[in-house]
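Please read it with the model open.

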Amino acid sequence: MSYSLYEQAPFRQAAGAEFRPGGLALTEELADECGLEPGQRVLDLGCGVGATASYLAGRWGVSAFGLDSSARFIEEAEAHDPGVTWVLGRAQEIPYGEGFFDAVFCECLLSTVDDPVRVLGEIHRVLRADGRLAITDLYLRNPGRGSSLSGLPAATCLRGAAGREAVVSMLELAGFTVRVWRDRSDALKAFMGRMVFAYGSGACFWEAFLGENEDRRASIALARPGYYMLVGEPCADTRRT
Amino acid sequence: MSDFGAVTENDMLWTCCRCSGPLEVGPVQLSYLGNSFWIDLPRCPSCGLYLIPEELATGRMAEVEQLLEDK
Amino acid sequence: MLVDKARLDDFEYRCIQEEPAECVAACPIHVDARSFVMEMARAAWPEAWKVLRKTMPLPSVLGRICDHPCELRCKRRERGDPIRIGSLERACVQTPQPDAKTLPLPRRGKRVGVLGSGLAGLTAAWDLGRKGYPVTVFERAECLGGLLLQLSDDALPRGAIDSEVAALEKLGVEFKLGESFDLEKVRHDFDAVFWALDGGSCVSTAGFAAEDSPAVDPVTLQAVGNNVFVGGGPSIGDEPSPIGWALDGRRAATSIDRFLQGASLSAGREKEGPQSTRLFVSLVGIEPNSAVVPADTVAGYSLEEAQREADRCLRCECLECVKVCEYLDHFGGYPRRHARAVYNNAAIVQGDHKANLLIDSCMLCDLCTTVCPEDFSMPDLCLGARREMLERGKMPPSAHEFVLEDYRWSHGDAFALARNEPGFDRSAYAFFPGCQLAGSSPGQVELAYEYLRSGLPGGVGLILDCCGAPAHWAGREEVFDQGVADLGERWEELGHPKLVFACPTCLAMLRPRLKGAETLFLTEVLEAVGVAVAPSMEGCRPVRALHDPCTTRHHQEVPESVRRLLDILGQPVEELTLSRETTECCGYGGLEANANPALARKVAARRGGESAREFVTYCAMCRDSLASAGKRTIHLLDLLYPGEEDPAGRVRPGWSERRENRARLKERLLSTLWKEGGGALESWQTIELYIPTDVQARLDARRILVEDVKQVVHHAEQTGDRLCHGVSGRFLASYRPRTVTFWVEYSPRERGFEIHNAYGHRMTRESVS
């Protein structure tokens, strides 16, 4: 089992059952933008202990699936909500067929993987032609200054964080059109506030997050991390192979 | 105590004057500029009077207040 | 778009820090000679090479033979010999060239022919080859180089030419030697042609008759209406100029590139060739020195000699404002950068914390504007930004809140007062001492007022109030304007008296805004009416350094009057370097002390450090700021009304004390002069507190007022909402009078309460579950 921030006790307690800025309120916004309908098959990639998938099933009546690479999390999710289909697996190899899902949710996931384009490719494959991709994640509001961020430990939610242009380009490269982009950095502020209360100070939190490298912490501030929500759909005629 | 050292043993030496009983740690919702946080604080179980210790006020809380003020 | 681009452009234009140094502007191809020389001074030969290589074509050649017009404009020549930039370049290109990354170029379809392999032709080939054009160089002789071959081997070793030719070949440039060429054929075979004259006239080099020479456009070098470009001919004054040939080659390459892409040949060519520059470089304190003479005049500088010569460089830059301002020094950079940061949506729109601090830490004192050759005004930038942030709701609440509350209090009933002199129904004069003198030395306000009443005819009224500077500095114009309007009304009610100010800031704020009011500074009256030093201070007039408050900057008659008065009082004065129009702020201006206390302390300490002597000043805030930074300082009035043993050592009264002083001053004057009783006190105001000195200091640092502490204790005692400590028995309670919740730890005493601690926060309780 790999160590990650998300499994640390202080983080879990502060973040609550939802590990992400914005929590379920943001998920609700996303679901609304997607126009989910009862019975649709919806996948939560990187589902953790299952807050989003359970919520989508309960509130929107969808047939919810949750995929995560942590056996511990899947176990917990199963215990909390046996009504959802929980799958132990990797986002880089989604064990479902072409066009299986009507929507895929990717909350604070893409910036933690080494190969987001590959993951997007998988999503593109398992998403039906006019399905929806719903993303929330960190991004850098001053990307020019974030150059030293690429040396971050994997599995922390800032690693692949890039500026807005880079994010949109990556999606287009993977065969998606961006329908909605909204800055939700206010959610990050509230989240950071909880982190400060939990860890004792911003500095302590970033240290737990990033390790002891002073330069990385300094460059985070310069790059002005923010949070965004995005809804995309597969491009009409460019199905990536 | 589950809140990562925000409340210390010293803080628990305070008692409620009116109800003359010890305080118990429990969640209190605090907010600033539209953002709310549930913080575990010592409170009187009878009348609800609660304590915000100095270290919390001048430390984490001040940092969060500034974080929220900056856009 | 929210940004006012015109305003930003104006700011950026004024700050000349980014203007090129003379050497760079003088160079026809704008080699960054300044950076080059700086690297040479560091003995960083590879880095110096890279600087040259960025701009210079055929650097191994040109670096050795350039005729260095930069030296004619080198600023150093105003203090000794100009830097021998040419010789430094020679020394540099004799060291091994660092490896260059060669990027594969996208090949372009159009072919370019160059006639002549002198420096002009080779330069054109260099530039066009780099842009990916297939270039063919024709040379009638058997060897490449044209006029370059006429130079001695010492001046230009063949190996240097060869290595650059090899570099050209790597770019895909083809050479056709030993062939005579037919211009018409070449014109036909190639898409564009550069006829590189190599210093001579058309006849001698190209083999054409004089009458065939075409009309050539001097900027684009195009033979009008043609695909032929002509350059590299005799330079200015017919002196051979290698850099001139290189410029022509570069010009032609630019023109050819545009020609082949169908773009305008002439647009935006103004920056080509030598330029003027607006950069200002101060020569104050620069001692003249002479150039290093090389031991071997043929070989030129050894590396050690080169480093010594490069070290003479002035490293031209402006930074005049940064040199005199602790705030600008602290934040680094220079005003142009700050203007961009402020306007770049970093601050005004998004409220970024770092930019906030930059905006709120400016003392708004105008020293930068005064020393800047182009009048760049940081106050303009920062005060404008503060106002915009307020308009957009981006100003953090805690930034100036404390001071604005203080202003409202002083402007309200607790302190504000406007009265005619007892026995008069109108006032010919009115004394306006200001809120800081009243807060810090209320006794001196009383004595000065008494003096004015006895010395001036027609009735001397009194106006106690705050002029509103805090509101103005915080960017709150409506609050400020309303306050000024209120003061205008008081002034009218008293019968339009001549206003006598004791504080330069009040004068600076109100003189321009109270239309029709005559305004005087207190010292002008003291001079006219006559005054003498207090007996106890007669033996205490060592030379003191005079600090002019920054708000006198645009009202120079005040510093002049002060100097005359100090002379009358027998107080000898040391003039600080930065005084009068160029005086420095004490750290309180612009509310810096409020927004950035640490920096304000540095500012005050810096000022205090400018003389070993005690200081004398004539603003209560300046006096207290300097004193807080540990500098012994007297106020001018201390010479008249010393009030205590050691005025220079007096500690700055804290915020609470200032409030009390003002409130008591009003009460005292009302009761003794106008026989009016005090108003009824609220019950919490009657609470007696005993506060140990260390606790007082903590309250002051945390900006917790004694009256706030009283309200907390009062609330706790009334409601019973308080905690009790199991061991010490002390009480702890909280109360939120306005926007901050204060917690106070206290114990009852026989009379009143002792305060042990206090702290505050802004977060409020939503609900308790």
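1. A definition comes before anything else. A residue counts as buried if 20 or more other C-beta atoms lie within 10 Å of its own, as exposed if 12 or fewer do, and as partly exposed in between. The model is predicted.

2. Take helix α26 of chain C, residues 522–529. Its buried residues are C:Leu522, C:Thr523, C:Val525 and C:Leu526. Viewed down the axis of α26(C), they fall within an arc of 155°, so they line one face of the helix. The cover over these buried residues includes α22 (442–455), β9 (498–501), β10 (519–521) and α27 (557–568), each from chain C. After α26(C) comes C:Gly530, with a positive phi near 105°.

3. Now the domains. Chain C is split into domain 1 (20–98 + 280–310), domain 2 (112–261), domain 3 (320–391), domain 4 (401–529), domain 5 (535–651) and domain 6 (683–761). Over C-alpha atoms, the centres of domain 2 and domain 5 of chain C are 69 Å apart.

4. Chain A and chain C are joined by no contact, and their closest C-alpha atoms lie 9 Å apart.

5. Strand β1 of chain B, residues 14–16, pairs with β16(C) in the antiparallel sense over 3 bridges. Within β16(C), C:Cys724 is the bridge partner of B:Thr15.

6. Is C:Asn757 buried, exposed or partly exposed? C:Asn757 has 14 other C-beta atoms within 10 Å, so it is partly exposed. This residue sits in strand β19 of chain C. Beyond its neighbours within four places in sequence, C:Asn757 contacts B:Glu54, C:Val695 and C:Glu745. C:Val695 is 62 residues from C:Asn757 along the chain, yet 6.3 Å separate their C-alpha atoms.

7. Chain B itself has 1 helix and 3 strands. From the N terminus on, their order is β-β-β-α. The C-alpha trace of chain B spans about 45 × 20 × 20 Å along its principal axes. Chain B has 71 residues, and 38% of them are buried. Among its contacts between residues at least 6 apart in sequence, 46% join residues at least 24 apart.

8. Nonpolar side chains tend to be buried together in soluble globular proteins. Here the largest nonpolar core has 113 residues, and those with the most contacts inside it are A:Val42, A:Val104 and C:Val744. Helix α7 of chain A, residues 185–199, supplies the largest share of this core, 10 residues. A second, separate core has 111 residues, including C:Leu328, C:Ala341, C:Leu383 and C:Cys435.

9. Leaving aside neighbours within four places in sequence, the contacts of A:Val42 include A:Leu36, A:Leu56, A:Val62 and A:Ala64. Also among them are A:Phe65, A:Phe101, A:Asp102, A:Ala103 and A:Phe105.

Technical notes
Residues numbered from 1 in each chain as written. Chains lettered and ligands numbered in written order. Predicted model: local features only at pLDDT ≥ 70, side-chain atom pairs only at ≥ 80, totals over all residues. Pairing = 2+ DSSP bridges. Helix = DSSP H or I, 4+ residues; strand = E, 2+ residues; numbered from the N terminus. Domains from an automatic or database assignment. Arc of directions from axis to C-beta. Contact = placed C-beta atoms within 7 Å. Core = buried A, V, L, I, M, F, W, Y, C linked by C-beta atoms within 7 Å.
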